[in-house]
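Visitor: I'd like to walk through this one with you, a question at a time. Could you show me the sequence and the structure?

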Amino acid sequence: MILVGKDGRPSMKAVYEQMTYNCELRIRRRLRSGREWFRVFNNNISNYFTKKPVTTSIRENIVIRWGNRIDISDISDNPIVYNNIKALEIINNKKLTREVLVKNNVKTPFYKDSDIQKELDNNHFDISYVSYPIIIRPLVHAKGKNFFVMRNFVELTDFFRNKNLSDYYCAPFLDKTNEYRVHCFLGKVLSVLEKPRPINPNQLAWNRAINNSEPFTYINWSEYNYDMCITALNACKVVGADFAAVDIIKYNNHFYVLELNSSPTLISNDYTVSRYAKAFDYIHRHTNTSKLKHWDFNQFRDAKSLAWKNFQLDSQTNIINQNGQDN
């Protein structure tokens, strides 16, 4: 079964249509009245569905969460879950994500609240405890919205004059040269896409929703950058994600994680859709009595070895058996 939240509907329907394994797709919907229900698809046919209350029993023993954090403990019998609620809660809270990344030595641009508070309390205008410009965003955001830039001390103090620092996170601005989305699955890389540069050269957020409609550029696995892939895989590992899209920037020849997405937009790239379909078929094909382990990516030093090949995803044998580790 695949449980889908509101933001992941078009992408996961596209994936579901290409899957060969016969599982159930449940998309959570909320009416204006506040009532909630599942839009349920079966047999991979997206034009046929039924409606079921969210309290309807879940009988399948495998649950894949595509950004859906609904509590299923009372309506299912201890299923094997990929992307558990704890991991999704970390991913959804962008500030918490960066705190976890920093704690585990994964590069990410981030200022602790104590750093910003020290700057806000600063009475010595010839001294600064942070570097400007500073990027400020709320704990939860999407599609490039709520992106604030503070270029000096006055702007910073004005911004927080009537706001709580705990409701936002702050980061130094890194003048990136490239931005990528790395799709990771069970300790290996499914797909790497490079984001297009914005039409406006002064646009700091390279978000497709606000910049232009240009598609992401697919990067062949033979051209993967090892450091970028390892950074993305480590980001998934430390937040406890079985799969996620990791947004990464390149700055001064180093790679920094901006955020993880548990229900990323896929429909802009057909290849990535097909890879997720194969990945979720792989889960259903090889999961029996316990959750699949993750590929032990740290034992490899070649970027090509970090990529999922199609023959591996299509295999009737679980390739992770001999090289896996618990996550």
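Predicted model: local features only at pLDDT ≥ 70, side-chain atom pairs only at ≥ 80, totals over all residues.

Visitor: How many helices and strands does the protein have?
Guide: Helices here are DSSP runs of H or I with at least four residues, strands are runs of E with at least two, and both are numbered from the N terminus. On that basis the protein has eight helices and 16 strands.

Visitor: What share of the residues counts as buried?
Guide: Buried means under 20% relative accessible area, exposed over 50%, and partly exposed in between, using a 1.4 Å probe and protein chains only. Of the 327 residues, the buried share is 51%.

Visitor: Which elements are among those covering the buried residues of α1?
Guide: Helix α1 spans residues 9–18, and Ser11, Met12, Val15 and Tyr16 are buried in it. They sit on the same side of α1, because they cover an arc of only 130° around the axis, taken from the directions from the helix axis to the C-beta atoms. The cover includes β1 (2–4), β2 (25–30), β3 (36–41), β5 (62–66) and α7 (270–286).

Visitor: How many disulfides are there?
Guide: A disulfide is a pair of cysteine sulfur atoms within 2.5 Å. For Cys184, the closest cysteine sulfur is in Cys236, and at 4.1 Å that is too far for a bond. Cys184 is also buried, at 2% relative accessibility. By this rule the count of disulfides is zero.

Visitor: Which residues does Cys170 contact, leaving aside neighbours within four places in sequence?
Guide: Cys170 is in strand β9 (residues 168–172) and is buried, with a relative accessible area of 2%. Its C-alpha is 7.8 Å from that of Asp113, 57 residues away in sequence. With contact meaning heavy atoms within 4.5 Å, the partners of Cys170 are Phe110, Tyr111, Ile116, Ile134, Ile135, Ile136, Phe160 and Leu165.

Visitor: And which residues does Arg69 contact, again leaving aside neighbours within four places?
Guide: Arg69 is in the loop between β5 and β6 (80–82), and is partly exposed at a relative accessible area of 40%. The C-alpha atoms of Arg69 and Leu88 are 7.0 Å apart, although 19 residues separate them along the chain. The contacts of Arg69 are Ile85, Leu88, Glu89 and Asn92.

Visitor: Which element gives the largest share of the lining of the second largest pocket?
Guide: A pocket is an open set of points on a 1 Å grid over the protein atoms alone, with protein on both sides within 12 Å along at least five of seven lines; a cavity is a set where a 1.4 Å probe fits but cannot get out, and lining residues have an atom within 4 Å of a point. The second largest pocket holds about 230 Å³, a volume being the space filled by probe spheres set on grid points joined across faces, edges and corners. Both α6 (226–239) and β14 (254–261) supply at least two lining residues. The largest share, five residues, comes from α6.

Visitor: What is the volume of the largest cavity?
Guide: The whole structure has one cavity of 30 Å³ or more. Of its 14 lining residues, Gly187, Leu233, Lys237, His294 and Phe297 lie nearest the centre, and α6 brings the largest share of the lining, three residues. The volume is about 80 Å³.

Visitor: Which residues are joined by a cis peptide bond?
Guide: Look at the loop between α4 (113–120) and β7 (134–138), where Pro133 is found. With omega at about 0°, the cis bond joins Tyr132 and Pro133.

Visitor: What is phi of Asn252?
Guide: Asn252 is in the loop between β13 (243–251) and β14, and counts as exposed at 55% relative accessibility. Its phi is positive, in a residue other than glycine, and lies near 50°.

How values were computed:
Residues numbered from 1 in each chain as written. Heavy atoms only, no water.
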